[in-house]
Amino acid sequence: MATLRKRLSPADAREAALAAAQALLIEAGPQAVTLKAVGGRIGRTHANLLHHFGSAEGLQLALIARMTSDITATIRDALLLDRPAEPDPRRIVDLVFDAFDGGGAGALASWMILTGNRDALDPILSAVRALVEDLAVGVEPACRPIQDETLHLVLMALGDALLGAPMARALSLPRDRARALAATMLAAPLAANG
């Protein structure tokens, strides 16, 4: 357990707490992201974290907002770097699926919703909407709008993060089958227009 003894600025203390919360999320799941656990990890008191986040839900909401911002920035950068060439559908799929699964965003968002924190969707929805608007600028209309592709891809990634492994096992499919299907879906309009 790493502890921080020195005095941190409010911004640095908040960032340390969010980094610790994300590590706990990845290591032990969304139920582990509590003020007590985060405080213990960074050597801060429960009261100190209450000051920064207001509640455990506030901490979780700040974490999902930070994660979503990081995820959409990575995707935005990857896709905008590919312009004017066509983006690689599998690369896009892997970025989105990895964010929801390995990064824990899917589990955290689902857990927050199931425990009554419906506000958990707000940062995700806002960030995705902004990303889609940025990516649609200057792009010729496709046979399937980017909004449709985004909806399909995000729902597939979230479902895969929550049920992908056991469902693939139950159906005797390779673990990455959902990713392959998503990449095929994204490539279909490219093939139809090419």
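Buried means under 20% relative accessible area. The legends below apply that cut-off to a predicted model.

**View 1. Helix α5 and its buried face.** Helix α5 spans residues 89–100, twelve residues in all. From first C-alpha to last, α5 reaches 17 Å, close to the 16 Å expected at 1.5 Å a residue. Buried residues in α5 are Pro89, Ile92, Val93, Val96, Phe97, Ala99 and Phe100. They cover an arc of only 160° around the axis, so they sit on the same side of α5.

View 2. The Asp94 and Arg90 side chains form a salt bridge at 3.0 Å, N to O. The two residues, Asp94 and Arg90, are four apart in helix α5, which means about one helical turn separates them. An α-helix has 3.6 residues a turn, so residues three or four places apart point the same way. Asp94 is partly exposed, at 24% relative accessible area. Arg90 is also partly exposed, at 29%.

**View 3. Asp98 and Arg179 join α5 to α9.** A salt bridge connects the side chains of Asp98 and Arg179 at 2.6 Å, N to O. This pair links distant parts of the chain: Asp98 lies in helix α5 and Arg179 in helix α9 (residues 177–193), 81 residues apart. Asp98 is partly exposed, with a relative accessible area of 40%. Arg179 has a relative accessible area of 14% and is therefore buried.

**View 4. Asp101 and Arg175 join two loops.** Here the side chains of Asp101 and Arg175 meet in a salt bridge of 3.6 Å, N to O. Asp101 is in the loop between α5 and α6, and Arg175 is in the loop between α8 and α9. The pair links distant parts of the chain, 74 residues apart. Asp101 is partly exposed at 33% relative accessible area. Arg175 is partly exposed at 36%.

**View 5. The salt-bridge network.** Arg90, Asp94, Asp98, Asp176 and Arg179 are linked in a network of salt bridges. The model's salt-bridge count comes to eight.

**View 6. The second largest pocket.** This pocket holds about 300 Å³ of space. It is lined by 15 residues, and the closest to its centre are Ile124, Leu125, Val128, Leu151 and Val154. Helices α6 (105–114), α7 (121–136) and α8 (146–170) each supply at least two residues of the lining. By class, twelve lining residues are nonpolar, two polar and one charged.

Notes. Residues are numbered from 1 along each chain as its sequence is written. This is a predicted model: local features need pLDDT of at least 70, side-chain atom pairs count only at pLDDT 80 or more; totals for chains, interfaces and linings use all residues. Side-chain values use heavy atoms; hydrogens and water are left out. On a 1 Å grid over the protein atoms alone, a cavity is a set of points where a 1.4 Å probe fits but cannot get out, and a pocket is an open set with protein on both sides within 12 Å along at least five of seven lines; lining residues have an atom within 4 Å of a point. Grid points are joined across faces, edges and corners, and a volume is the space filled by probe spheres set on the points. Ala, Val, Leu, Ile, Met, Phe, Trp, Tyr, Cys and Pro count as nonpolar, Asp, Glu, Lys and Arg as charged, and the others, Gly among them, as polar. The expected span of a helix is 1.5 Å times one less than its number of residues. Buried means under 20% relative accessible area, exposed over 50%, partly exposed in between (1.4 Å probe, protein chains only). The arc is that of the directions from the helix axis to the C-beta atoms. A salt bridge is a side-chain nitrogen of Lys or Arg within 4 Å of a carboxyl oxygen of Asp or Glu.
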